[in-house]
Amino acid sequence: MKIYKILSILILCGFTGCEIQDVSNSFVDDNSTSKLLSAGETNPVHIEPVNTDEISPIIDKQFHQIRKETDIKLDEKKPPPLRLKEVVTPSIQPKFSKELLQAVGNWQKIPKSVFPLKNVSIREPVTFKLLGKNGQIMASIPFLAGKEVVAKSIVGTNLLISPTVASKLEAKISFENTDFQECVAFRFEMGKKIIKMRNATKNKSQNASNTSDSKNEKRGTADKGELLIPGDFGHGKFCICSDCRQKRLALTGSMK
C-alpha cells in the first residue's frame, strides 16, 4: 500500500510541474513589453546628430533682421530734431501806387523819360526785323516768350521793342503781353529810394568830422541806375526789400 501512495504522489507532482512551466511560458510570450524590448534590440532606431554650425548662422540672420526692423520702427517714432527759427526777410513787391498812376496818367500818358526801359520780359514770341529804305526786310531774329528786351517807346497800347539799346532790329507787342507795367513800378519805387539814400548820405556827410567817416559813407552812395536793375535775388524779379537792394549794389561793384 505504501508503494501505491508514493507512486500517486510522484504522478501528481509531475502534472503540477508541467502546468507551472506552461503558465510561465505563456506569460512571457504574451507580455507586450518584452516583445517591444526584444524588437528594439533587433532593430534599433537611428537618430541623426544635429549640426549646430549650420543652424547658428540662420538664427543670427533672423535675429539681426528682427533687430533692424525694430530699430527702424523706433526711429520712425522719434520726434524731429528742434531747429532754430531762421530769420527770413519778407519779399516786398512794387505796387501801382496813386503817385505812380498819376505820374503815368493811368498808363495813358507815359513820360518819355521812362524810355529806354531795359529788362522787359515778353510773354509771347516775337520776330525782330530790320527794314530797308523801301520797307524790305533786311534781317530778322525770332525771340521766344520769356526773353528780356528793351522797350524804346510806346504807341497807343503797343510797345516798340529791340533786343538791345543799340540794336536797329525792332518789333511791336502789346504792353499787356509784357511785364512793362511792373518794370515801370519797380523803377519808380527804386528811384524814390535812391533819392532817399542820397539825401541821407548828404546829411551825414555834412556832419562828418573826419575822412574815415566820409569814406565809409561814400561806399553807401548809389548812382542813378545802380539800383534800377531788376533780377531775381531770391524774392522774385522786382523785389525791393533791403536784402535784394544790397545784392544789386554788390552786383554793380559799389559795395566791396
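These legends walk through several close-up views of a predicted model.

Residues are numbered from 1 along each chain as its sequence is written, and side-chain values use heavy atoms, with hydrogens and water left out. Because the model is predicted, local features need pLDDT of at least 70 and side-chain atom pairs count only at pLDDT 80 or more, while totals for chains, interfaces and linings use all residues.

**View 1. The open sheet has four strands in the order S1-S4-S5-S6.** Strands here are DSSP E runs of at least two residues, and helices are H or I runs of at least four, numbered from the N terminus. Neighbours in this sheet pair in the antiparallel sense; two strands pair if DSSP finds at least two bridges between them. S1 and S6 sit at the edges, each pairing on one side only. From one strand to the next, the twist averages 50°. For angles, axes are lines fitted to C-alpha atoms, for helices over the stretch in contact, and values run from 0 to 180 degrees between N-to-C directions.

**View 2. Here are the strand pairings, bridge by bridge.** S1 and S4 share three bridges, and Ser121 stands opposite Glu148 in S4. S4 and S5 are joined by five bridges, with Ala151 partnered by Ile161 in S5. The hairpin of S4 and S5 leaves two residues between the strands, and Gly156 in this hairpin takes a positive phi near 70°. S5 and S6 are joined by four bridges, and Leu159 faces Ile173 in S6.

View 3. Contact means heavy atoms within 4.5 Å. How far apart are the end C-alpha atoms of H5? They are 39 Å apart, which agrees with the 39 Å that its 27 residues should span at 1.5 Å a residue; the expected span is 1.5 Å times one less than the number of residues. The buried residues of H5 include Phe180, Val184, Met190 and Thr201. Buried means under 20% relative accessible area, exposed over 50%, and partly exposed in between (1.4 Å probe, protein chains only).

**View 4. The largest nonpolar core has 30 residues.** Such a core is a set of buried Ala, Val, Leu, Ile, Met, Phe, Trp, Tyr and Cys residues joined through side-chain atoms within 4.5 Å. Leu117, Phe128, Ala151, Leu159, Ile161, Phe180 and Val184 touch the most other members. H5 gives the most to this core, with seven residues. Zoom in on Ile161: leaving aside residues up to four places away in sequence, its contacts include Phe128, Ala151, Leu169 and Ile173.

**View 5. Some backbone spots are worth a look.** Most residues other than glycine have a negative phi, and most peptide bonds are trans. The peptide bond from Phe115 to Pro116 is cis, with omega near -5°, and Pro116 lies in the loop between helix H4 (98-103) and S1. Asn106, found in the loop between H4 and S1, has a positive phi of about 55°. Asn119, in strand S1, has a positive phi near 60°.

**View 6. What about the cysteines?** A disulfide is counted when a pair of cysteine sulfur atoms lies within 2.5 Å, and the count comes to zero. The sulfur of Cys241 is 3.5 Å from the closest cysteine sulfur, in Cys239, too far for a bond. Cys241 counts as buried because its relative accessibility is 1%; Cys183 counts as buried at 3%.
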